[in-house]
Each structure stands twice: as structure tokens, then as C-alpha cells.
Amino acid sequence: MKFVFQSIQDFSADELSLLDSLITFRTVKKGELLLTENQVCNEIVFIEKGILRSFFVNHKGDEITNCFAFENEFMASFASFITKEKAEENIQALTDTKLQILDRKALEKLYQSSSNWQETGRKLTELEFVNLHKRMVSFQKLSGAQRYEELCKNHQKYIQLIPLQYLASYLGITPRHLSRIRKAVI
């Protein structure tokens, strides 16, 4: 996690030492839920190793995958974390996953300790917004095949680890259509 923060901002040794003192660690087993719908999200996790997915259950009872997070990425129910309201989604480990965790109190302590941490929080929030915007635009402008190609380009080593139905749901297509796309790409 530290190297991600350092890539955004220059931190003093004391600022990084404070971060080290506030991070906790957790291992989540494949299939385990890190957060369930209607819980308040009180932590932001950084993935050391593994894959997480965020999903919700629609009115028909279908699981709709809205996000994947991979190694060296952050994951949270950001809306719940920010508003302190119940989450609308679930977060699940798709593989055995090693996490570094900053809970709400730790993050507040970082923000209170220096303007560097405040600015880093703002920059990460802006990046999250940009990523959300890009995902929304991709559904308006790109075909399912193009969205799959983009995912493969950015996360090729993980694609085979994600069950077909989760990938299809994330791409907004049927598993059958995804199978045809995969055959055409090979």
C-alpha cells in the first residue's frame, strides 16, 4: 500500500511510519464475503494478493457484478464508507486474498496528521470517480466484446481466475455471448 501512496505524494519517514502503525492485515478465503449488503463499510482494503468482486442482487435475485479489484488496488463500498450508510453491495473474495486494511479511524488519523494525507485522499477519490465514469461511458460506447478486450488488456493474468458468470455479468452480457467472444479472441 505504501508504494501506491508514495507514487501519488512525497511523504516523510514519520508520515510513512504512522501509516505502518495504522495498517492491519487480513487473509480472506476464496468465496468469503468481506462486506454484505446492509452493513456499513468501515474500512478500505488494499489487495496484496488475490481478487475481490463487488456485486449486488437485483429485484429478480440475480447477482450483478459491478466491480473487480486486483493486486495492488483498493476496494471498498466507497459510497457506504463516505456516507456511513448501509452498503448496497457485497464484496467477495474470488481467490484466497491477502489484504492490508485502513479502517475509518485510521484514515481519519492520517488525515488529521498532515495535509499530505488529505491531498492523497482527495487524489485517490478523484481517481475512483474517473474510473467509475470510464466504466459508465464504456457501457454507452463499447460493445461487450470491446469491454472484454479492454479488461483482458489491463488484467490478462487474472481473467482465467474469474468464473464465467461473474465476468459476463460485469460486462453486461450473457455467459453464452461471453463464450462466443472468448472463442473469437483465441
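Author: Two strands count as paired if DSSP finds at least two bridges between them; strands (E, at least two residues) and helices (H or I, at least four) are DSSP runs numbered from the N terminus. The model is predicted, so local features need pLDDT of at least 70 and side-chain atom pairs pLDDT 80 or more, while totals for chains, interfaces and linings use all residues. Residues are numbered from 1 along each chain as its sequence is written, and side-chain values use heavy atoms, without hydrogens or water.

β6 joins β3 (residues 43-49) through two antiparallel bridges, and M75 in β6 is the bridge partner of V45. Axes are lines fitted to C-alpha atoms, for helices over the stretch in contact, with angles from 0 to 180 degrees between N-to-C directions.

Another open sheet of four strands runs β2-β7-β4-β5, again with antiparallel pairing. β2 (33-35) and β5 are the edges; each has a single partner strand, so one side of each lacks a neighbour in the sheet. The twist averages 30° from one strand to the next. Four antiparallel bridges link β4 and β7, where A93 of β7 is the bridge partner of L52.

Helix α7 lies across β4, β5 and β7, at about 90° to β5. Six of the eight residues of α7 (164-171) are buried (under 20% relative accessible area; exposed is over 50%, partly exposed in between; 1.4 Å probe, protein chains only). The buried residues are Y166, L167, A168, S169, Y170 and L171. Their cover includes β4 (52-57), β5 (63-69), β7 (90-93), α5 (115-141), α6 (144-159) and α8 (175-185). Just after α7, G172 has a positive phi of about 75°.

Definitions and conventions. Contact means heavy atoms within 4.5 Å.
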